[in-house]
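I opened the model to look up a few residues, a core and some ring contacts. These are my entries.

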Amino acid sequence: MTDVTSSKTARRPHHWRHDLIELAALFTAVVVADTIAKTIVKGPDGPYLLVFSAIALVATATFHTWWARRHSHASHAPPPEGAPGGATDGISATAPTAAEGDGAEDAPRPPAETVLWRMRTTVEDTPGSLAALCTVLARLGVDILTLQTHPLARGTVDEFLLRAPADLSAQALARETAAAGGRDTWTERADAHDLVDTPTRVLGLATRTALDAAELPLALRQLLGRCTLHSVPALSLTGRPTGEQAPVEGVLEETVMRLRDPHGGTLIVERPYLPFTPTEFARARALVELDARLGPRLPRSQDVLTLPEGNEITVRRADQRDLRAARAMHDRCSARTLGLRYHGPVGDADRYLDHLLSPRFGRTLAVQTTSGRLVALGHLLWDGDETEVALMVEDDWQRRGIGSELLGRLVAMAEEAGCESVYAVTQASNTGMVAAMRALQLPLDYQIEEGTLVITARLAAGPRQSPRSPSRPHEEVRPAER
């Protein structure tokens, strides 16, 4: 760009020929005017000569104007492509073309294949440190799409979204970044979803959280990348204090942050492969505070279905406000149904309901009749990095397709959330649950654990792989469709 700017601002050369022509024209005009004046005064044809002179003067002026414009356009026309100074930017003006020297025409070049990378590195908080890093990236042919800075007490964490040549490996990118002064460099493959700028993405996550309390865990995972979220209640299932109660302002400890759960207890977020920054901690705390201020909330959408025998049922979302109706359904269920569902003492079943209905641990679908009676529950539970599905249908409403309907909807939710698989814990004698899992027409894995059958379904969705090492792609939790 320097060559182009200097050529535009340089002074034009002074042409002495133009000055000579103008002086000659002025001298000629004076002589002609003097001659005409004498002729008009002394001769009888003076008026005719005056008219003729006026016409000649107009014609001369018109010709001079046309000639001046023609030469002006020619001097300002851009030089032809390939001529010296004919480039439109600094790189093209100074770099030789592929056909230079042999007269061949430039062949069209196919666009180079590129990939998207997310890269985070720490640089010294000194003038020029970021410029040195950007210079290295430019030399590698890497285009910086977005850049975020996270100031720390010592240094600055720079987070990039890069478009790089496909043949540039993560190891080479990290090595060149380290040579430019970056440390603790971490890279992962990105996709088109990462092209959304950070303010827009945070506002979208806040909107989802405002509409549905169960979105907070997913919003935190999408905000912070690949991480593990644990919700530890203030009281255990037996009613004993767990001792987990984070302060209101939260706690940040390198790769772990602890936030006050609005429902009681503590939200623990862990990301062992990359420390959290104060900026990320502030964003996460703001989402949790938003959830606390809005209180319990669920999407109001519901679907009315007709069973084969003609009865209508309504499928809707449920939360802890449905606790009384869920307990009433428990009371109507047989011991065998409760035993198949909870795999333990039937007397402990009611203790699980408050946990299962909490939006902090997952999503719950409820089935109710036209009279408003709750007859079935389906749970999609976040179990660390895994996802569990669980069903319970009241005895009088079993074998009518309700369980299969709930299971299909729960698996669709998991798929939209970016889960790689879902698993169900049941017993081999629970033929209804086994048949429902097979009806999903997904690849299934069976495993016997402590007398129970664990059936894992691998979902058709293709989330990014977990970055157990810094150079591997990672799974992204996407918003569930409401």
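My notes on each look-up follow.

**Ground rules.** I am reading a predicted model, where local features need pLDDT of at least 70, side-chain atom pairs count only at pLDDT 80 or more, and totals for chains, interfaces and linings use all residues. I number residues from 1 along each chain as its sequence is written, and side-chain values use heavy atoms, with hydrogens and water left out.

**Leu133.** I found Leu133 in helix H5, residues 129–139. Helices here are DSSP runs of H or I with at least four residues, strands are runs of E with at least two, and both are numbered from the N terminus. Leu133 counts as buried because its relative accessibility is 0%. The cut-offs are under 20% relative accessible area for buried, over 50% for exposed, and partly exposed in between, with a 1.4 Å probe and protein chains only. I listed what Leu133 touches, leaving out residues up to four places away in sequence: Thr121, Val123, Phe160, Thr177 and Ala180. Contact means heavy atoms within 4.5 Å. Leu133 and Glu176 are 43 residues apart in sequence, and their C-alpha atoms are 8.8 Å apart.

**Thr207.** I placed Thr207 in helix H7, residues 198–211. Thr207 counts as partly exposed because its relative accessibility is 45%. From Thr207 to Leu287 I noted 80 residues in sequence and 10.0 Å in space, C-alpha to C-alpha.

**The core.** Which residues have the most contacts inside the largest nonpolar core? They are Val367, Ile402, Leu406, Leu407 and Met437, in a core of 35 residues. Helix H13 gives the most to this core, with 7 residues. A nonpolar core is a set of buried Ala, Val, Leu, Ile, Met, Phe, Trp, Tyr and Cys residues joined through side-chain atoms within 4.5 Å. I then checked Val367, whose contacts beyond four places in sequence include Ile313, Val315, Leu374, Ile402 and Leu406.

**Rings and charges.** I looked for a charge over a ring, meaning NZ of Lys or CZ of Arg within 6 Å of the ring centre and within 35 degrees of the ring normal. Arg189 lies over the face of Trp117, 5.5 Å from the ring centre. The charged end of Arg400 sits over the ring of Trp397, at 4.5 Å from its centre.

I traced strand S15 (residues 444–449), which pairs with S16 in the antiparallel sense over 6 bridges. Pairing needs at least two DSSP bridges between the strands. Tyr446 stands opposite Ile455 in S16. The two strands, S15 and S16, form a hairpin with 2 residues between them. Glu450 in the turn has a positive phi of about 50 degrees.
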